[in-house]
Amino acid sequence: MTETSPSAPPTKDHGRAGRDLPAAITSAVVLLGAIAASLFFWKTAFMLIVVVAVVVAIWELRKGMLAKDIDLPEQPLMLGGVAMVVVAYYWGAPALVTATAVAALVTMLWLLQRGIDGYVQNATASVFTLVYVPFLGSFVALLLSEGGRGNTAGLDDDGVKAIITFILVTIASDTGGYIGGVLFGKHPMAPVISPKKSWEGFVGSVLATIGAGIVLVVYLLEADWWIGVCLGLIAAVMATLGDLCESVIKRDLGIKDMSQVIPGHGGLMDRLDSLLATVAPIWLLLHYLVFT
């Protein structure tokens, strides 16, 4: 009698959503609760969340790139990333540019100790990582500093209101795209890169972000409605591009998720892709059209 080897447990089908919704919703509630608590009680604590996110995201990228024998140097990237976030918050955009250049040079020097083989590949990937994660992530610090760098918090602080606007309009893009794609998605936007992303989902993103943008800009930031329209359009386009870019990275590396640190979502980078893509243009728009 021949023994049959036990078959692997079947992968749970999550339908067109492509994710475990209960776990995803629970994780999102916990993360948003931590963010809200920091913003409403002591906004500088929010910077700790940003710093932790940068460190975890760099760890995930290193883990993913090892699939292609690209070995990122964690120590200088993490230390440099933390320094970039802190510098951006306390000294602004010019200091962030300088800190980014120094972090890139230090990382390239750090890699010299490994020798010649793979230097260009690892150095290029390291500079890419610095720009993609801590540099873009530091614009969150620039947004928060719009209300000053003291111990203020809550809705009396312009920086807190800017962060809330940025997060909610990006969530609106993801939510509108998800609903539009699940209910009406028939025409793939980029089937080779992201088969589940559809043009109908993109329309849902645009409608949701414009609506959220107008409400947030008019009632929270007390600015003109047309700025909310611009904000919504920018968020929809950039969030979609950010999602597609991260999908390309994962496909090139041959991985499904960057990690499994967030139940129901996969890796942290799987959730940060839209936020990282939208934060810089949103800061630019709000800084010059609302807060200046």
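Trainee: Which residues form a nonpolar patch on the surface?
Mentor: This is a predicted model, to start with. In it, Trp225, Trp226, Leu284, Tyr288 and Leu289 form the patch.

Trainee: How much accessible area do they have together?
Mentor: About 570 Å².

Trainee: Which elements give two or more residues to the nonpolar patch?
Mentor: Two helices do: α8, residues 225-253, and α9, residues 269-291.

Trainee: And where does the largest share come from?
Mentor: From α9, which gives three residues.

Trainee: Where is tyrosine 288 placed?
Mentor: Tyrosine 288 is in helix α9.

Trainee: Staying with α9: at what angle do α6 and α9 pack?
Mentor: About 135°, and their axes are 10 Å apart. Helix α6 covers residues 158-184. The two are therefore oblique to each other, since an angle counts as roughly antiparallel only over 145 degrees.

Trainee: Is that crossing left-handed or right-handed?
Mentor: α6 and α9 cross in a right-handed way.

Trainee: Which residues make the contact?
Mentor: On the α6 side, Asp158, Ala162, Phe166, Val169, Thr170 and Asp174. On the α9 side, Ser274, Leu275, Thr278, Val279, Ile282, Leu286 and Phe291.

Trainee: New topic. How far apart are the axes of α4 and α5?
Mentor: They are 10 Å apart. Helix α4 is residues 93-111, helix α5 is residues 119-144, and they pack at about 155°.

Trainee: Why are α4 and α5 described as roughly antiparallel?
Mentor: Because their angle of about 155° falls in the range over 145 degrees, α4 and α5 count as roughly antiparallel. Their crossing is right-handed.

Trainee: What does α4 bring to the contact?
Mentor: Ala93, Leu96, Thr100, Ala103, Ala104, Thr107, Met108 and Leu111. From α5, the contact residues include Tyr119, Asn122, Ala123, Ser126, Val127 and Leu130.

Trainee: What about α3 and α5, how do their axes run?
Mentor: The axes come within 8 Å and cross at roughly 25°. That makes α3, residues 74-91, roughly parallel to α5.

Trainee: And the handedness there, left or right?
Mentor: α3 passes α5 in a right-handed crossing.

Trainee: Which α3 residues make that contact?
Mentor: Leu77, Gly81, Met84, Val85, Ala88 and Tyr89. Among their α5 partners are Thr129, Pro134, Ala141 and Leu144.

Notes:
Residues numbered from 1 in each chain as written. Predicted model: local features only at pLDDT ≥ 70, side-chain atom pairs only at ≥ 80, totals over all residues. Heavy atoms only, no water. Patch = residues over 30% accessible without salt bridge, like charges linked within 9 Å, V, L, I, M, F, W, Y side chains within 5 Å. Areas by Shrake-Rupley, 256 points an atom, 1.4 Å probe, with all protein chains shown as cover. Salt bridge = Lys/Arg side-chain N within 4 Å of Asp/Glu carboxyl O. Helix = DSSP H or I, 4+ residues; strand = E, 2+ residues; numbered from the N terminus. Axes fitted to C-alpha atoms, helices over the stretch in contact; angles between N-to-C directions. Parallel < 35°, antiparallel > 145°, perpendicular 65-115°, else oblique. Left-handed = near helix turned anticlockwise from the far one by under 90°. Contact = heavy atoms within 4.5 Å.
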